[in-house]
Amino acid sequence: MTNTTPTSVWLMIGMIVALATAGDVLIAGAMRRIGDFDEIRTHAGLGGAVAAVLTNARFFMGVGCMALSFFTLLFALSWADVSLVAPASAALTFVTNAFAAKWILKENVDRRRWFAALCVCVGVFFLAR
Amino acid sequence: MQSTMTFRRYMVLVAVMLGASFGDTFLSKGMKQVGPVSIHHLSTLIVVLKAPWILAGIVLLIGFFASYLTALSWADLTFVLPATSFGYVIIPLLSHFWLHEYISPARWAGIFLITLGVGFVTQGPSYTSHAHPIPTDDAAALTSSSENARERSA
């Protein structure tokens, strides 16, 4: 498609994956910090639940990372084939999210979840072929 | 880990699965009706917001994001993320059974693997309980302020 080197394409894919993972982890961390929506709605109503999200800086940092990931994806798509960039970034994001959830969010990522992440990762790759 | 899943919470996960895939499909259909947008006429992107398919797509994607945030408030990221990937399965299945498009064996294998992964993770616990929970300052502040307001009004 272009004369872009494989190294630079994989560098762009790495940036997409890193930013998407950071966005997911920051948003998940923000939601965990805010707490169960059902309980907040019971005490403070729907407006209170929305206010809890919209006053959380971590949430906006997560949205910012996801937006940057999206624009990096658009940039990468203008340089490399969609058949490589889209599945590779989507599949790798599942694996990096599992690692980030385990080490940063301290989630109990057991064998069942590792297996699910691997299945989805390989499945996305096959689906995009 | 504890299982806190109820029927309503499974419905929220279904909304996560369907919202993203149908939202993207509606946006795609709307943009195909509009045609290619030139970089010199970016104002067209504002005009297309009035198109019914685009509007419906945006509403569905807002619904998806609200459901995604709700799910993350009571479930782990590694529990919710496989559910979001189920959209990759819904679209090819719709295209096969509704639009009678051909699906290659590799894609059937992909559909099988994603379904297996999603089915596998949803059978397990949804939330990790920590011995020392992350402080929920925001929720506590909101709860106490609403209780104070109720006490004042009483």
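This briefing describes the confidence, the chain contact and some local features of a two-chain model. The model is predicted, and the predictor gives the complex an ipTM of 0.81 and a pTM of 0.76. Chain A averages a pLDDT of 87, while the mean pLDDT of chain B is 77.

**Confidence along the chains**

- Where pLDDT is low, the predicted coordinates should not be read in detail.

**Contact between the chains**

- The contact between the two chains draws on 41 residues from chain A and 35 residues from chain B.
- On the side of chain B that touches chain A, at least two residues each come from helix H3 (52-74), helix H4 (77-85), helix H5 (87-97), helix H6 (105-122) and helix H7 (137-153) of chain B.
- H6(B) gives the largest share of that side of chain B, with 11 residues, and by class the residues of this side divide into 20 nonpolar, 12 polar and three charged.

**Packing of two helices in chain B**

- Helix H1 (residues 7-34) of chain B packs with H5(B) at an angle of about 55 degrees, and their axes are 8 Å apart.
- H1(B) and H5(B) therefore count as oblique to each other, and their crossing is right-handed.
- From H1(B), the residues B:Met17, B:Leu18, B:Ala20, B:Ser21 and B:Thr25 meet B:Gly87, B:Ile90 and B:Ile91 of H5(B), a contact made up of five nonpolar, three polar and no charged residues.

**A loop residue in chain A**

- A:Asn108 is found in the loop between H4 and helix H5 (111-127) of chain A.
- A:Asn108 counts as partly exposed because it has 16 C-beta neighbours inside 10 Å, a count that lies between the limits of 12 or fewer for exposed and 20 or more for buried.
- Between A:Asn108 and A:Ala98 there is a separation of 10 residues in sequence and, from C-alpha to C-alpha, of 9.9 Å in space.

How values were computed:
Residues are numbered from 1 along each chain as its sequence is written. Chains are lettered from A and ligands numbered from 1 in the order in which they are written. This is a predicted model: local features need pLDDT of at least 70, side-chain atom pairs count only at pLDDT 80 or more; totals for chains, interfaces and linings use all residues. pLDDT is the predictor's confidence in each residue, from 0 to 100. Two residues are in contact if their C-beta atoms, placed from the backbone, lie within 7 Å. Helices (H or I, at least four residues) and strands (E, at least two) are DSSP runs, numbered from the N terminus. Ala, Val, Leu, Ile, Met, Phe, Trp, Tyr, Cys and Pro count as nonpolar, Asp, Glu, Lys and Arg as charged, and the others, Gly among them, as polar. Axes are lines fitted to C-alpha atoms, for helices over the stretch in contact, and angles run from 0 to 180 degrees between N-to-C directions. Angles under 35 degrees count as roughly parallel, over 145 as roughly antiparallel, 65 to 115 as roughly perpendicular and the rest as oblique. A crossing is left-handed if the near helix is turned anticlockwise from the far one by less than a right angle, and right-handed if clockwise.
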